[in-house]
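This briefing describes the fold and selected local features of the protein shown below.

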Amino acid sequence: LSGSSIGEHTRHIVEMFQCLVRNYDSGIVNYDKRDRNKLIETNTDFAIQMILDSKNSISKENKNLELQQIIDGNAVHIQSNYYRELLYNLEHCIHHQALIKVAILKCENIAVDDNFGVARSTIEYRKQCVQ
């Protein structure tokens, strides 16, 4: 897990969605300005509540957004939209779930769905190969 815990990966996933939703109204999203709330990575009940809150708040109309980031001291501004960023966050989430799955599979007596941490396109491809 590159020195990160399951909790840290979970926090990262949750905070990416929170950042997108929190900045929806302003239309300016900068994923580098996440809260980095340690409680999400250390308190399971709190993390579950934050996941549920995110799940319940992402259903929004599509609209134009501006992504902002500082790269090597240079301000970068990219035009995007809510649906595109939501899709980005979902794909990014799967990447972190794959890392979480690596850690979970080392634990005994914990079952993980085969599709956890697997991209949707890969799941569809595997279905086609079986036929």
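In this predicted model, helix α4 covers residues 82-104, 23 residues in total. Its first and last C-alpha atoms lie 32 Å apart, close to the 33 Å expected at 1.5 Å a residue. Helix α4 packs with α1 at an angle of about 175°, and the protein as a whole has five helices and three strands.

**Helix α4 and its start**

- The span of α4, 32 Å from end to end, is close to the expected value for a helix of 23 residues.
- At the start of α4, a side-chain oxygen of N81 comes to within 3.1 Å of the backbone nitrogen of Y83.

**Helix α1 and its packing with α4**

- Helix α1 comprises residues 6-22, and 24 Å separate its end C-alpha atoms, which agrees with the 24 Å that its 17 residues should span at 1.5 Å a residue.
- For α1 and α4, the axes are 9 Å apart and the angle is about 175°.
- Because angles over 145 degrees count as roughly antiparallel, α1 and α4 are roughly antiparallel to each other.
- The contact of α1 with α4 contains 15 nonpolar, seven polar and one charged residues.
- Q18 belongs to helix α1 and is buried, with a relative accessible area of 18%.
- The C-alpha atom of Q18 is 16 Å from that of H96, a residue 78 positions away along the chain.

**Overall architecture**

- From the N terminus on, the elements follow the order α-β-α-α-β-β-α-α.
- Taken along the principal axes, the C-alpha atoms fill a box of roughly 45 × 40 × 35 Å.
- Of the 131 residues in the protein, 35% are buried.

**Cysteines**

- A disulfide is a covalent bond between the sulfur atoms of two cysteines.
- A search of the whole structure returns zero disulfides.
- For C19, the closest cysteine sulfur is that of C93, at 15 Å, which is too far for a bond, given that a disulfide requires sulfur atoms within 2.5 Å.
- C19 is buried, with a relative accessible area of 0%, whereas C129 is partly exposed at 49%.

**Residues with positive phi**

- Most residues other than glycine have a negative phi.
- D72 is not a glycine, yet has a positive phi of about 50°.
- D72 sits in the loop between β2 and β3, where β3 covers residues 74-81, and D72 counts as exposed at 75% relative accessibility.
- N109 likewise is not a glycine and has a positive phi, of about 65°.
- N109 lies in the loop between α4 and α5, the latter covering residues 120-130, and is exposed, with a relative accessible area of 81%.

**Loops on either side of β1**

- S26 is placed in the loop between α1 and β1.
- A polar atom of the S26 side chain lies 3.1 Å from the backbone oxygen of N23.
- N30 is placed in the loop between β1 (28-29) and α2 (38-42).
- N30 is buried, with a relative accessible area of 11%, and a polar atom of its side chain lies 2.9 Å from the backbone nitrogen of D32.

**The loop between α3 and β2**

- I58 lies in the loop that joins α3 (44-57) to β2 (64-71).
- I58 is partly exposed, with a relative accessible area of 23%.
- S26 and S59 are 33 residues apart in sequence, and 17 Å separates their C-alpha atoms in space.

How values were computed: Residues numbered from 1 in each chain as written. Predicted model: local features only at pLDDT ≥ 70, side-chain atom pairs only at ≥ 80, totals over all residues. Heavy atoms only, no water. Helix = DSSP H or I, 4+ residues; strand = E, 2+ residues; numbered from the N terminus. Expected span 1.5 Å × (residues − 1). Polar contact = N/O pair within 3.5 Å; in protein donor to acceptor, adjacent residues only side chain to side chain. Axes fitted to C-alpha atoms, helices over the stretch in contact; angles between N-to-C directions. Parallel < 35°, antiparallel > 145°, perpendicular 65-115°, else oblique. Nonpolar A, V, L, I, M, F, W, Y, C, P; charged D, E, K, R; others polar. Buried < 20%, exposed > 50% of the residue type's maximum accessible area, 1.4 Å probe, protein only.
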